[in-house]
Amino acid sequence: MLTSKELRVSFTDFFASKNHQIVASAPMVIKGDPTLMFTNAGMNQFKDIILGNVPAKYIRVADSQKCLRVSGKHNDLEEVGHDTYHHTMFEMLGNWSFGDYFKSEAIAWAWEYLTTRLHLDPDRLYATVFEGSVLDCLGQDAEAAEYWARHLPQSRILNGCKKDNFWEMGDTGPCGPCSEIHIDLRPDDERASVSGAELVNKDHPQVIEIWNLVFMQFNRKADGSLEPLPARGIDTGMGFERLCMAIQGKTSNYDTDIFQPIIQRIAALTGIAYGDDDKADIAMRVVADHIRTIAFSITDGQLPSNAKAGYVIRRILRRAVRYAYTFLNIREAFMYRLLPALIESMGSAYPELDEQKSLIARVIKEEEEAFLRTLDTGIRLLDKKTEEAIAAGLTSLSGKDAFALYDSYGFPLDLTELILRERGIAVDINSFNIEMQKQKERARNAAAVETGDWLVVREGESRFVGYDCLESDAEILRYRKVKQKNKEFYQIVLDQTPFYAEKGGQVGDSGQLVAANDTIAIVDTKSENNLAVHLVEKLPADIAATFTARVDIAKRLQCECNHSGTHLLHQALREVLGTHVEQRGSYVAPESLRFDFSHFQKLTEAELREVERRVGEKIRADYPLDEHRSIPIAQAKAMGAIALFGEKYGDDVRVIRYGSSVELCGGTHIPSTGRIGSLRIIAESSIAAGVRRIEAVTAEGAESYYFQLQDTLREIRNLTNNMPDLIQTIKKNINENAELRRQIDAYDKEKITSIKHTILANIISRNGLRIAQYIGPGSPELIKDVAFQIKSELKNAFIFVAGIEQAAKPTLMLMLSDELVSAGKDAARLIKSAAALIQGGGGGQPHFATAGGKNPTRLKEAVESILKELKLEG
């Protein structure tokens, strides 16, 4: 029986023997593709080849790819842990042909690998083929069926519908029929009783798909029609975890040696044996799955956050914490302690896990602790909502409240239901689902993009010339219309372009396309599958004309200063703090730069000053740009070039050197460091556990920053009458202000005591209640202190009502004793009603509420209306 480590190697060895180039997994977190946040299939890293944007370096390729499916149509999140074979993060074994072999070889090699190399029982295997589609005018994939007939009897070659057996990259683009290989892992007696053919694609946990062979032979156009691809291709994907289950004779992916070390570690930490309790087992599977997703995302440079991909990772982590909290009785951070088991299982294939284990552990631990605090807050809020529902005589919590808990505090509906069930209260599921649907609609509408077909003006490949010039002749290769948020614009691809497309943290260029009698503004340039796409609001009058492509020089120059500044900043940080500092992200715009890096504590003022000083030295040294284009990555590393985690580099790379700063980089840079002028750090902060962020400005931005500081200093000097020792003057003013504040506080205390005594001396008793009133001038904050002092003295059977005027603004205040609140009286409701008399509004809690308004002349009337409502008027 092969271990998972041996199985992964056997796959790549097999296809290497078939003359395939074995390539490394791309990062699981995708950069440079606006249509995807995560790699959700093995083909993602080859998308630009499949789309024809770049030529294939190798016509045969194989790999093991890290994938993540948690959003969009590929969303398995809610099934994870509840069944035996769904996962968030999974590995996809795959082989590709780019214009080389096709169906015959793909089917033959798949069969050979499974039955000859892995010795799977041929009698347990089934193949599906595309049955055809009337809508697409396609018949059955008879070619694939014929090839399968060489290996399988007709009874185990099954027709599959379009949903299962026609693969599409998206609404448009390359697509084609596919052939799935399924395996029946049931015991022999069950197989004899019910044929596996009846259970294929029926969600049976032991009759499962293990390999999908996609035959890319069509292009789907925007109008839905199909046209043949000029170069057909093969794209196969085999679920590694499912294959392990089949090879190791298990009935669950979680019983394989991929997951069991992690699950057994969870069992040891919780004291709960796996297999003893169904709910605990589900929780362990959820945690074992999710720890992989979280750890690999962090190694690929994606930290948990509240936006986009970071939000997805945070949501997955919180789902794991919730399950551990609810079903494993975990009340402290513990997932970070599973890392050694994960590294033991997968570290040999993915060494970045071990290389970054300290960062991974710190980030996960901090996220766990933060969410556990959030859970406590959410539970307190749920307690309050439950008490309010019970007090109102309700038997269910509103779906709107349950959704607020879900949306703001990460409470899943099942956790809310579980807590409420113990208190005899249900949840209004229908209204919860309505709120959920509203949110989905909002998200869908915000993200909706309508993209037309590319209209080809002339054939050719796009070439970037912007490293060497900011202006060049250009012709349009193709264009298309795009509509988003009811705004139309166009995307244009040029045969050669000086415009840098947004990538690697650097924003895209803007500028103009100029013809004889036509000037078109290019508002932005984006990178889409390695293709520079220029955004324009209107098309040129003559699409076929030859244009001058002209970059906005001022914007580009400032971006270059900031980008080169990040390199110098990175090097200075490593010199001052240590070589553990590694870039975790960056953003380079014309106005400023942002640089994220690994470091485990706040930088001191002395460290920040030293970093700035060293960057200044490098700027004044005026190091020339030492650029090396398209050199082998081994040579680049020998030069000392720093590679960034989360980036996938090709065999050939570009190196940027300024003095001792040497980095792999595809961005644009200044000819020499002296052109930067200066760099000033304007902020330093934490963005995640073990990750700091520096914001800085250079060149003109640094000048503007200086001028702003000078203006501020000049204004402060004017305010202090140009005293020679400004710092001592400010300190003196602060001390004098503190003394005056102390005197005012003492006066306020005397005033509170005086007002309190006056109010207590004039208490009126009606219907067994003591009524304390105040109508007059004063500070609402001061009268609030009076109210709570009165409460501490009267304790029960009282009300306090006040009408306060300050600077012609009226305030109402009402405090009720606990007995009145228990009897159903509500200060917030009473104050809202009275507030209308002073042309205002307010609210608060049942025992204490306030209201502000515009009309102080009716304060006394408002106070009397509250007493009247309580039937305590005179």
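**Why the labels fit**

Me: Leaving aside neighbours within four places in sequence, which residues is Thr-270 in contact with?
Reply: Thr-270 is in contact with Met-284, Leu-328 and Ile-330, where contact means heavy atoms within 4.5 Å. The model is predicted: local features need pLDDT of at least 70, side-chain atom pairs count only at pLDDT 80 or more, and totals for chains, interfaces and linings use all residues. Residues are numbered from 1 along each chain as its sequence is written, and side-chain values use heavy atoms, with hydrogens and water left out.

Me: Why is Thr-270 called buried?
Reply: Its relative accessible area is 18%, and buried means under 20% (exposed is over 50%, partly exposed in between, with a 1.4 Å probe and protein chains only). So Thr-270 gets the buried label.

Me: And where does Thr-270 sit?
Reply: In helix α8, residues 260-270. Helices here are DSSP runs of H or I with at least four residues, strands are E runs of at least two, and both are numbered from the N terminus.

Me: What lies 2.9 Å from a polar atom of the side chain of Thr-270?
Reply: The backbone oxygen of Ile-266. A polar contact is a pair of N or O atoms within 3.5 Å; within protein, one must be able to donate a hydrogen and the other to accept it, and residues adjacent in sequence count only if both atoms are side-chain atoms.

Me: What makes Arg-480 count as buried?
Reply: A relative accessible area of 11%. Arg-480 is found in strand β17 (residues 471-484).

Me: Which side chains does Arg-480 make polar contacts with?
Reply: Those of Gln-491, at 2.7 Å, and Glu-528, at 2.6 Å. Not counting residues up to four places away in sequence, Arg-480 also touches others, including Asp-453, Trp-454 and Tyr-490.

Me: How does α18 compare with the span expected for a helix?
Reply: α18 (residues 605-620) has 16 residues and reaches 22 Å from first C-alpha to last, close to the 22 Å expected. That expectation is 1.5 Å times one less than the number of residues.

Me: Why are the buried residues of α18 said to be on the same side?
Reply: The buried ones are Leu-608, Val-611, Glu-612, Val-615, Gly-616, Lys-618 and Ile-619. They cover an arc of only 160° around the axis, so they fall on the same side of α18; the arc is that of the directions from the helix axis to the C-beta atoms. An α-helix has 3.6 residues a turn, so residues three or four places apart point the same way.

Me: What do the buried residues of α18 pack against?
Reply: α17 (553-577), β29 (679-688) and β30 (691-698). On the other side of α18, Ala-606, Arg-609 and Arg-620 are exposed. After α18 comes Asp-622, with a positive phi near 55°.

Me: What makes β6 mostly covered?
Reply: 6 of its 6 residues (125-130) are buried. Leu-125, Ala-127 and Val-129 cover one side, while Tyr-126, Thr-128 and Phe-130 are on the other.

Me: How do you know that β6 pairs with β7, and in which sense?
Reply: Two strands pair if DSSP finds at least two bridges between them. β6 and β7 (residues 157-160) have 4, in the parallel sense, with Ala-127 opposite Ile-157. β6 is also joined to β9 (residues 173-184) by 3 bridges, and these two run antiparallel; Leu-125 has Ile-183 as its bridge partner there.

Me: Which residues touch the most other members of the largest nonpolar core?
Reply: Tyr-113, Leu-114, Trp-148, Trp-211 and Leu-243, out of 118 residues. A nonpolar core is a set of buried Ala, Val, Leu, Ile, Met, Phe, Trp, Tyr and Cys residues joined through side-chain atoms within 4.5 Å. Apart from this core lies another, of 25 residues, among them Leu-573 and Ile-694.

Me: How much of the chain is buried?
Reply: Buried residues make up 50% of the 874. The chain has 25 helices and 36 strands.
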